[in-house]
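Visitor: Could you take me through one part of this model up close? I'd like to look at how the inside is put together.

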Amino acid sequence: MYFLLRLLINAAALWIAIQLVDGIEHRGSWWSLLIVALVFGVLNANIRPLLKLLSLPVIILTLGLFIFVINALMLMLTGWISGLLDLGFYVAGFWDAFVGGLIISVVSFVLSLFTGVGKTKVHVETRELRS
């Protein structure tokens, strides 16, 4: 259930970025947008942590602002892979990807708050010790 909800949140965030940024386009169906969201999620889960690790000194030097550049690169990579897969998702340039990444981050954060996706539940069990 978590995976499906996360996929829908990514798709909604991508859709809003498509509506608000002129340089981000999607010409296709909702199904292809869900596949684009899947590609975006897989890239963010696998490549983004590696990029963050490799650029850690730059992230520290810029007080974390370089993460926005990484977000833009992930969106541009998603556009490139989507072009290879003929999904109809295109990102025109870096600044469009930068603004789109900001929008996607904010929308994903807000939707995660409303759906409770980001919350982790901790269950602590106490047992009595018997002598």
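Which residues of the largest nonpolar core touch the most other members?

Guide: Keep in mind that this is a predicted model. The largest nonpolar core has 22 residues, and those touching the most other members are Leu 14, Ile 24, Leu 75, Phe 89, Val 91 and Ile 104. At least two residues of this core come from each of α1 (2-20), α2 (30-54), α4 (66-84), β2 (89-91) and α5 (94-115), with α1 giving the largest share, 6 residues.

Let's zoom in on Leu 14. Setting aside residues up to four places away in sequence, Leu 14 touches Leu 33, Val 36, Ala 37, Phe 40, Leu 75, Phe 89 and Ile 104. Leu 14 also takes part in the contact between α1 and α2, along with others including Phe 3, Leu 7 and Trp 15 of α1 and Trp 30, Leu 34 and Gly 41 of α2. The axes of these two helices lie 8 Å apart, at an angle of about 105°, so α1 and α2 are roughly perpendicular to each other. Sort the residues of that contact by type and you get 14 nonpolar, 2 polar and no charged. As a general point, nonpolar side chains in soluble globular proteins tend to be buried together.

There's also a second, separate core of 5 residues, with Val 39, Ile 59, Ile 70 and Met 74 among them.

One more stop: Asn 71, in helix α4. With a relative accessible area of 11%, Asn 71 counts as buried, because the cut-off is under 20%. Apart from neighbours within four places in sequence, Asn 71 is in contact with Arg 48 and Ser 105.

Conventions. Residues are numbered from 1 along each chain as its sequence is written. This is a predicted model: local features need pLDDT of at least 70, side-chain atom pairs count only at pLDDT 80 or more; totals for chains, interfaces and linings use all residues. Side-chain values use heavy atoms; hydrogens and water are left out. A nonpolar core is a set of buried Ala, Val, Leu, Ile, Met, Phe, Trp, Tyr and Cys residues joined through side-chain atoms within 4.5 Å. Buried means under 20% relative accessible area, exposed over 50%, partly exposed in between (1.4 Å probe, protein chains only). Helices (H or I, at least four residues) and strands (E, at least two) are DSSP runs, numbered from the N terminus. Contact means heavy atoms within 4.5 Å. Axes are lines fitted to C-alpha atoms, for helices over the stretch in contact, and angles run from 0 to 180 degrees between N-to-C directions. Angles under 35 degrees count as roughly parallel, over 145 as roughly antiparallel, 65 to 115 as roughly perpendicular and the rest as oblique. Ala, Val, Leu, Ile, Met, Phe, Trp, Tyr, Cys and Pro count as nonpolar, Asp, Glu, Lys and Arg as charged, and the others, Gly among them, as polar.
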